[in-house]
Every structure is written in structure tokens, then in C-alpha cells.
Amino acid sequence: MTYTIGFLGTGNIAADMARALNGSGHKILVSQRNAKTAAALAAAMPEVTIAPNETVVANADILFLCLLARTAAQVLPGLPFRADQTVISVMVDMPLARLRSLCAPATDIVLTIPLPPIAQGGCPLPVFPDCPALHRLFGDRNLILPQPSETALNAHLAASAICATLLDQMMTTADWLAAFTGDDDAAQAYVAAMIRGYLSDRPRPGALPAALRGLSTEGGLNATLRAAMAPAKDSLRNGLDGFRPRLGLPLGPEP
Ligand SMILES: NC(=O)c1ccc[n+]([C@@H]2O[C@H](COP(=O)([O-])OP(=O)(O)OC[C@H]3O[C@@H](n4cnc5c(N)ncnc54)[C@H](OP(=O)(O)O)[C@@H]3O)[C@@H](O)[C@H]2O)c1
């Protein structure tokens with residue numbers, strides 16, 4: 001079955017999601033902004049058409065909301081939403097209750113959290129409520145993770161913020177290594193391949209603690225560095241806890 005898929009807000013994450021649908025046979029409508037990104041998608045993918053916001057919304061069977069939340073609050077009212085379409089929001093700071101009023105008469109509205117790797121596949125996609133359309137579009141190459149509540153979905157949003165921190169630590173390690181080897185690219189490739197080696201496409205339960213146990217030899221290099229970095233663990237927890245008010249997560253006790 002083929003769909004007309006709309007993207008409202010053709011920015012970074014919309015572009016990655018559209019690229020993931022390259023060759024899928026669906027018709028894709030992208031909104032005019034960002035003009036450069038929309039033009040690049042249309043040039044690269046014959047199934048992509050650039051259209052005004054009204055046309056995207058009026059024609060989409062499945063509509064992805066990829067705007068900044070403050071833009072959405074201004075843009076969504078007055079657009080011709082339909083009761084029979086599925087609306088999938090990827091927006092931070094835009095609760096489901098607010099979307100229900102902004103996107104009426106649409107009622108099939110869900111929240112998900114795509115990340116840039118979705119362009120190639122292998123992206124975890126927490127979703128609430130569960131959404132058959134999301135499974136059909138992305139389930140073959142990505143890990144769809146239905147959540148029991150909006151709170152659980154929002155906790156995943158907080159957890160997703162670890163990506164830049166981990167990548168920054170990997171870059172710091174690679175830079176430190178390259179100072180000895182003189183080869184930045186090789187150092188980055190070494191660090192990336194090493195960490196990738198601990199991860200699998202379809203994570204198995206218990207895989208992370210098992211890997212950590214294997215790196216816990218007393219007096220070993222890993223255990224020594226981990227002990228030196230212990231204060232960073234509190235900083236990480238504090239940083240995640242700092243998202244609780246913004247994401248509507250309970251303020252305590254500890255999860
Ligand atoms: N980037 C990620 O990894 C990621 C991951 C998960 C969720 N999200 C969420 O996805 C949303 C978009 O993030 P992003 O990183 O893709 O930001 P972005 O690149 O800034 O995309 C937002 C897009 O909205 C467009 N826009 C502004 N006003 C518009 C209007 N009136 N009508 C139609 N489009 C309009 C912007 O166009 P102009 O450039 O012309 O202003 C821009 O292309 C955010 O809510 C973010 O929280 C992002």
C-alpha cells in the first residue's frame with residue numbers, strides 16, 4: 001500500500017526521515033521551508049514534491065510535524081487537518097493534549113523521537129501511543145519501541161540527550177589519541193569502531209551490563225579510568241533530572 005506522506009517543516013530531522021523513505025514508493029510532500037533543504041530533497045528523490053503548508057496538510061495520509069514547537073503553535077491553527085489522517089509529531093516541548101487541540105479534527109495523533117541515523121536505518125523509535133503507520137514506514141530497518149504512556153515517551157526524550165555527550169567524550173578520546181599518532185581520521189575511526197563493537201543492531205537484554213562487567217578487571221585500564229570519571233556519573237544524573245520539569249516528568253522520587 002502506498003501513502004501520501006507529508007512533512008511540515010523541512011529541516012534537519014525531516015530531511016533524514018524523508019531520505020529513509022527513498023525508493024519506498026510513497027508520494028512525499030515537503031513544505032517550502034527550509035527552501036534549500038526542500039530543493040535538495042526534491043532534486044535527489046523523484047517522489048518528493050515541494051508544496052505550501054496547506055497542500056501538505058490537506059493531502060497527507062500520514063503527516064509528520066517537524067517544526068520547532070514555538071513555530072508549530074503559530075502555524076498549525078488554521079491548517080486543513082482531516083479526521084482520517086495520521087499525525088506524527090517529532091517535536092520536543094509539544095504535549096499530546098496541545099496537539100489534539102492544534103490539529104483538530106485529526107485524532108490519530110502520536111509522538112515519536114527520530115534521530116538522524118534514521119536516514120540509514122538502525123534508529124530506535126519510541127512511540128506513544130503505538131502507531132501502525134510508523135511500523136509500516138520505518139519498522140523494517142529501525143527498532144520501533146511502543147511506550148505505555150506519554151511520560152515514558154518523554155523520559156526517552158531526556159535519555160536521547162546523552163548522544164552529544166557520548167560523542168563528545170569519543171571525540172575527546174580520539175583527539176587525545178591523535179596527539180600521539182598524528183592521524184585524526186584513524187584515531188576517530190578506531191574509537192568509533194571500538195565502541196560499535198560493543199553494540200549490536202538489535203540490542204539483547206542484559207548486553208550493556210554484561211559488557212561493563214567484562215571491562216571491570218580490578219586495576220585494569222578501564223576500571224581505573226571509570227573510577228577517575230565517577231563524578232561525571234552524578235553530573236549525568238543531575239543533567240537528566242534537570243529535564244524533569246520541562247518534559248513533565250515526575251519530580252521525584254528516583255526512577
Ligand atoms: N534534529 C534532531 O535530531 C531532532 C530529533 C528529534 C526531534 N527533533 C525535533 O524536530 C523538530 C525539528 O527539529 P530540526 O532539528 O529538524 O530543526 P530545523 O532544522 O530548524 O527544522 C525546522 C524547520 O521548520 C521550518 N519552518 C519554520 N517556519 C515554518 C513555517 N511557517 N512553515 C513550515 N516550516 C517552517 C524551518 O525552516 P527555516 O529554516 O526556513 O526557518 C526548518 O526547516 C523540533 O521540534 C525538534 O525538537 C529534532
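A residue counts as near a molecule here if one of its heavy atoms lies within 4 Å of it. With that in mind, a word on what you're looking at: this is a predicted model, in which local features need pLDDT of at least 70, side-chain atom pairs count only at pLDDT 80 or more, and totals for chains, interfaces and linings use all residues. Residues are numbered from 1 along each chain as its sequence is written, and side-chain values use heavy atoms, with hydrogens and water left out.

Let's start at the ligand. It is surrounded by 19 residues, and the closest are Asn12, Ile13, Arg33, Asn53 and Leu67. By type, the shell splits into ten nonpolar, eight polar and one charged residue (Ala, Val, Leu, Ile, Met, Phe, Trp, Tyr, Cys and Pro count as nonpolar, Asp, Glu, Lys and Arg as charged, and the others, Gly among them, as polar). Two helices, α1 (12–20) and α4 (69–75), each give the shell at least two residues; helices (H or I, at least four residues) and strands (E, at least two) are DSSP runs, numbered from the N terminus.

Now look for N or O atoms within 3.5 Å of each other, the cut-off for a polar contact. A backbone N or O atom of Leu67 is 2.7 Å from a ligand oxygen, while for Arg33 a polar side-chain atom lies 2.9 Å from an oxygen atom of the ligand. Thr10 also takes part, with a backbone N or O atom 3.3 Å from a ligand oxygen. On its own the ligand exposes 890 Å², and the protein buries 75% of that (accessible areas by the Shrake-Rupley method with a 1.4 Å probe).

Asn34 itself lies in the loop between β2 (27–31) and α2 (35–44). Another cis peptide bond, with omega about 10°, joins Ala104 and Pro105; Pro105 is found in the loop between α5 (96–102) and β6 (108–112).

Finally, the rings. The structure has three aromatic pairs, meaning rings of Phe, Tyr and Trp (its six-membered ring) with centres within 6.5 Å; planes under 30 degrees apart count as stacked, over 60 as edge-to-face and the rest as tilted. Phe64 and Phe138 have ring centres 6.0 Å apart and planes at 65°, so this pair is edge-to-face. It links distant parts of the chain, with Phe64 in strand β4 (residues 62–65) and Phe138 in helix α6 (residues 132–138), 74 residues apart.

Note on methods. A polar contact is a pair of N or O atoms within 3.5 Å; within protein, one must be able to donate a hydrogen and the other to accept it, and residues adjacent in sequence count only if both atoms are side-chain atoms.
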